[in-house]
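Subject: The structure, and notes to go with it

Hi there,

Could you keep it open on your screen while you read?

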Amino acid sequence: RQHGKLAESMLDPGVVTHEKTLTTYAVTGLLELAKLGLDDACRFSMSRFAELLDNAIKMPIVISTNRQKLAIYSAHFAWKDQNYDLAFGRLREALQIRPEDPMPLFLRSEWKIARQDTDGARRALAAAEAVARSSPHDYSTIIARVRALISERTVGTPN
């Protein structure tokens, strides 16, 4: 990495397939690089990195939360690349991996808002709230934030 840029040769999408199982250490490295890329702190080929993430998701992974995190980051990269259908598809995959986690649904709701689909946002939020009710975690802050975003979008707009 030089001056905040990672050479394309460093992002060989096949590199993850050399191992039988993707370790937590490898997943952590991918997630950190994903964060840097999404925050524009490190520049690299988004399409090559997305392919690397896709290969990683297909690998055997010991901890299901790691697979879900990779799917969510893959969704973020698709979103950033304005490939909205793929982004929403990756969120569906993340939810299938861990249906007890409402975070992909909250993110879906926020992205539906950004795409001017308030009805879709409401449906995603309702689904997220239903999942959140069964969770030991407190999602009230996220729920309130997404409700406020939906309210901002619907004020003054005809139904």
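Ala34 is buried, because its relative accessibility is 0% and buried means under 20% relative accessible area, exposed over 50% and partly exposed in between, with a 1.4 Å probe and protein chains only. This residue is found in helix α1; helices here are DSSP runs of H or I with at least four residues, strands are runs of E with at least two, and both are numbered from the N terminus. Leaving aside neighbours within four places in sequence, Ala34 is in contact with Phe49, Tyr73 and Phe77, where contact means heavy atoms within 4.5 Å. Ala34 and Tyr73 are 39 residues apart in sequence, yet their C-alpha atoms are 6.8 Å apart in space.

Before going further, please note that this is a predicted model, in which local features need pLDDT of at least 70, side-chain atom pairs count only at pLDDT 80 or more, and totals for chains, interfaces and linings use all residues. Residues are numbered from 1 along each chain as its sequence is written, and side-chain values use heavy atoms, with hydrogens and water left out.

Now the overall picture. The chain has seven helices and zero strands, and 43% of its 159 residues are buried. Of the contacts between residues at least 6 apart in sequence, 65% join residues at least 24 apart.

Next, the helix pairs. Helix α1 (residues 24–38) packs against helix α3 (residues 64–80) at an angle of about 20°, with the axes 10 Å apart. Axes are lines fitted to C-alpha atoms, for helices over the stretch in contact, and angles run from 0 to 180 degrees between N-to-C directions. α1 and α3 are therefore roughly parallel to each other; angles under 35 degrees count as roughly parallel, over 145 as roughly antiparallel, 65 to 115 as roughly perpendicular and the rest as oblique. α1 passes α3 in a left-handed crossing, a term for a near helix turned anticlockwise from the far one by less than a right angle, with clockwise being right-handed. On the α1 side, the residues that meet α3 include Val27, Leu30, Leu31 and Ala34, and their partners in α3 include Leu70, Tyr73 and Phe77. By class, the residues of this contact of α1 with α3 are eight nonpolar, four polar and three charged. In that count Ala, Val, Leu, Ile, Met, Phe, Trp, Tyr, Cys and Pro are nonpolar, Asp, Glu, Lys and Arg are charged, and the others, Gly among them, are polar.

α1 also packs against α2, at about 150° and with axes 12 Å apart, so α1 and α2 are roughly antiparallel. Their crossing is left-handed. Leu30, Leu33, Ala34 and Gly37 of α1 make this contact with Met46, Phe49, Leu52 and Ala56 of α2. Here the contact of α1 with α2 has seven nonpolar residues, one polar and no charged.

Further along, α4 and α5 pack at an angle of about 160°, with axes 9 Å apart. That makes α4 roughly antiparallel to α5, and the crossing of α4 and α5 is left-handed. Among the residues that meet there are Phe88, Leu91 and Arg92 in α4, and Leu105, Arg108 and Trp111 in α5. The contact of α4 with α5 divides into nine nonpolar, no polar and three charged residues.

Ser109 sits in helix α5 (residues 103–114) and is buried, with a relative accessible area of 0%. What lies 2.8 Å from a polar atom of the Ser109 side chain? The backbone oxygen of Ala121 does. Not counting residues up to four places away in sequence, Ser109 touches Ala121, Ala124, Leu125, Val146 and Ile150.

Glu93, in helix α4, is partly exposed because its relative accessibility is 28%. Glu93 and Ala71 are 22 residues apart in sequence and 6.7 Å apart in space, C-alpha to C-alpha.

Finally, the backbone. Most residues other than glycine have a negative phi. Asp40 has a positive phi near 60°; this residue is in the loop between α1 and α2 (46–58) and is exposed, at 52% relative accessible area. Gln82 also has a positive phi, near 60°. Gln82 lies in the loop between α3 and α4 (84–97) and is exposed, at 57% relative accessibility.

Key. Polar contact = N/O pair within 3.5 Å; in protein donor to acceptor, adjacent residues only side chain to side chain.
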